[in-house]
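Student: I have a structure open and a few things to ask about it. Can we go through them one by one?
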Amino acid sequence: MATFQKLAILCLGASTVFAAPSDRHNGKKTPKVSPIKQISLGPRPYWLVDQMDEGPLKKKLASCSEKRMKPSDWSISHRGGGTLQFPEHTYDSIIAGTRMGAGIQECDVTFTKDLQLVCRHAQCDLHTTTNVVSLPELNAKCTTPFQPASGDRPAKAKCCTSDFTLAEIKTLCAKMDASDPKATTPEEYLGGTASWRTDLYAKTCSEVPTLKEFISLVDDLGLKFTPELKAPEVPMPFNGGNYTQAAYAQHMIDEFKAAGIKPERVWPQSFVYDDVLYWLKAEPKWGKQAVLLDESGDEPGTFPSAVARLKEYKKAGVRIVAPPLPYLVTVDKKGKIVPSSYAIEAKKQKLDIITWSLERSGWLGDGSGGGYYYASVANVTNGEGDVYNLLHVLAQDVGVIGVFSDWSATVTYYANCFGL
């Protein structure tokens with residue numbers, strides 16, 4: 001398996017300093033991994049249970065505190081599963097999520113200038129997820145090179161995987177997804193990590209993995225896969241050539257075929273309906289578990305139409321939909337979290353449901369009501385332990401078959417306690 005770790009790099013900045021990383025493997029490549037049998041959830045799930053209001057659910061969850069935990073496919077890593085504290089889509093995040101019991105690992109797939117597939121959450125996020133703007137030669141190749149803040153104008157940059165060859169991307173160091181809008185230097189721009197996250201594990205240099213490396217690592221760990229084909233932010237066909245959207249969708253599947261991975265272990269995802277339709281027609285064995293990610297109800301007034309389209313998806317052969325957390329729940333007149341009209345219609349259409357993303361909201365008890373991911377239940381979200389009130393309804397009343405999380409331990413704990 002190819003290494004995801006570099007030996008050393010120095011990234012100095014006024015607001016964030018990345019010290020020269022030590023060679024954790026004493027000059028050796030990342031060792032070949034094997035399935036992790038001893039799951040370690042750390043203190044967070046237990047702390048979250050302690051924060052819950054007294055009641056039957058807290059009592060049940062607390063009763064599992066001494067239970068030996070096992071991996072669960074209900075616990076799906078989001079960008080590796082260690083994303084709350086580790087740079088996303090890196091070896092470190094994947095290993096952290098796996099140690100916390102994620103049974104399915106995610107790679108958000110996009111392409112480079114030389115048409116190699118890599119794991120990044122968006123085609124154009126290198127300026128916030130790597131140190132690219134601090135490397136003058138590469139910064140100059142960005143779609144929008146770094147521009148310092150000036151007066152009321154915030155700092156900005158836009159660096160895409162398609163701006164660089166794979167060899168160039170392999171010289172980058174991944175970091176926590178953030179930027180400092182007040183930055184006047186590229187080094188300052190590397191800062192901005194949210195206070196509820198940390199740069200503690202971003203001091204070493206983790207490479208951006210290729211899809212091939214991701215497949216190799218996850219296969220060695222004995223886990224399952226959920227690659228997401230990210231929507232291109234450049235015109236397709238790319239560079240006016242033959243790399244169409246369909247070719248891109250096929251390319252992702254072909255990487256798994258080349259690695260000898262069986263389709264039963266893979267849940268391909270996309271927000272682009274045509275991608276899912278392509279897999280259903282061109283690759284039916286792989287399309288069988290294709291996941292249609294759905295955020296079509298985000299804009300004001302669009303939620304009813306998002307619910308109505310579920311019937312169309314089912315008729316087209318889609319079997320799994322994946323809306324964000326707030327699409328699936330609402331609050332009734334008694335102040336109880338209950339399934340939403342979306343969840344009810346999805347069940348009526350006999351569609352399986354996966355949802356995203358837990359542990360991505362920061363503090364729940366700061367008066368924000370949990371932000372976007374808790375928007376439909378904000379009026380009953382006022383403490384950190386409320387994460388399990390939401391998860392309980394998703395599991396028991398909505399019946400989701402999996403939950404993406406930035407900190408896999410939180411979902412794994414619930415899954416083990418309730419036998420999921």
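Student: Is F271 buried, partly exposed or exposed?
Tutor: This is a predicted model. In it, F271 has a relative accessibility of 30%, so F271 counts as partly exposed.

Student: Where is F271?
Tutor: F271 is in the loop between strand 7 (269–270) and helix 10 (273–282). F271 pairs with W356 in strand 12 (residues 352–358), 85 residues apart, so the pair links distant parts of the chain.

Student: Why is the pair of F271 and W356 called edge-to-face?
Tutor: Because the ring planes stand at 90 degrees, and over 60 counts as edge-to-face. The ring centres are 5.7 Å apart.

Student: And W356, buried or exposed?
Tutor: W356 is buried, at a relative accessible area of 10%.

Student: What about the peptide bond from W356 to S357?
Tutor: That bond is cis, with omega near -15 degrees. S357 lies in strand 12. The bond from M236 to P237 is also cis, with omega near 0 degrees. P237 sits in the loop between strand 6 (224–229) and helix 9.

Student: New topic. At what angle do helix 8 and helix 9 cross?
Tutor: Helix 8 (residues 211–220) and helix 9 (residues 245–258) cross at roughly 40 degrees, and their axes come within 10 Å. The two helices are therefore oblique to each other. The crossing is right-handed.

Student: Which residues meet there, between helix 8 and helix 9?
Tutor: From helix 8, L211, K212 and I215; from helix 9, M252, E255 and F256. Of the residues in this contact, four are nonpolar, none are polar and two are charged.

Student: How many aromatic pairs does the structure hold?
Tutor: The structure holds 21 aromatic pairs. One of them is F256 with W286, a tilted pair at 6.4 Å centre to centre and 50 degrees between the planes. F256 is in helix 9 and W286 in helix 11 (residues 284–287), 30 residues apart.

Student: Are F256 and W286 buried or exposed?
Tutor: F256 is buried, at 0% relative accessible area. W286 counts as buried too, at 5%.

Definitions and conventions
Residues are numbered from 1 along each chain as its sequence is written. This is a predicted model: local features need pLDDT of at least 70, side-chain atom pairs count only at pLDDT 80 or more; totals for chains, interfaces and linings use all residues. Side-chain values use heavy atoms; hydrogens and water are left out. Axes are lines fitted to C-alpha atoms, for helices over the stretch in contact, and angles run from 0 to 180 degrees between N-to-C directions. Helices (H or I, at least four residues) and strands (E, at least two) are DSSP runs, numbered from the N terminus. Angles under 35 degrees count as roughly parallel, over 145 as roughly antiparallel, 65 to 115 as roughly perpendicular and the rest as oblique. A crossing is left-handed if the near helix is turned anticlockwise from the far one by less than a right angle, and right-handed if clockwise. Contact means heavy atoms within 4.5 Å. Ala, Val, Leu, Ile, Met, Phe, Trp, Tyr, Cys and Pro count as nonpolar, Asp, Glu, Lys and Arg as charged, and the others, Gly among them, as polar. Rings of Phe, Tyr and Trp (its six-membered ring) pair if their centres lie within 6.5 Å; planes under 30 degrees apart count as stacked, over 60 as edge-to-face and the rest as tilted. Buried means under 20% relative accessible area, exposed over 50%, partly exposed in between (1.4 Å probe, protein chains only).
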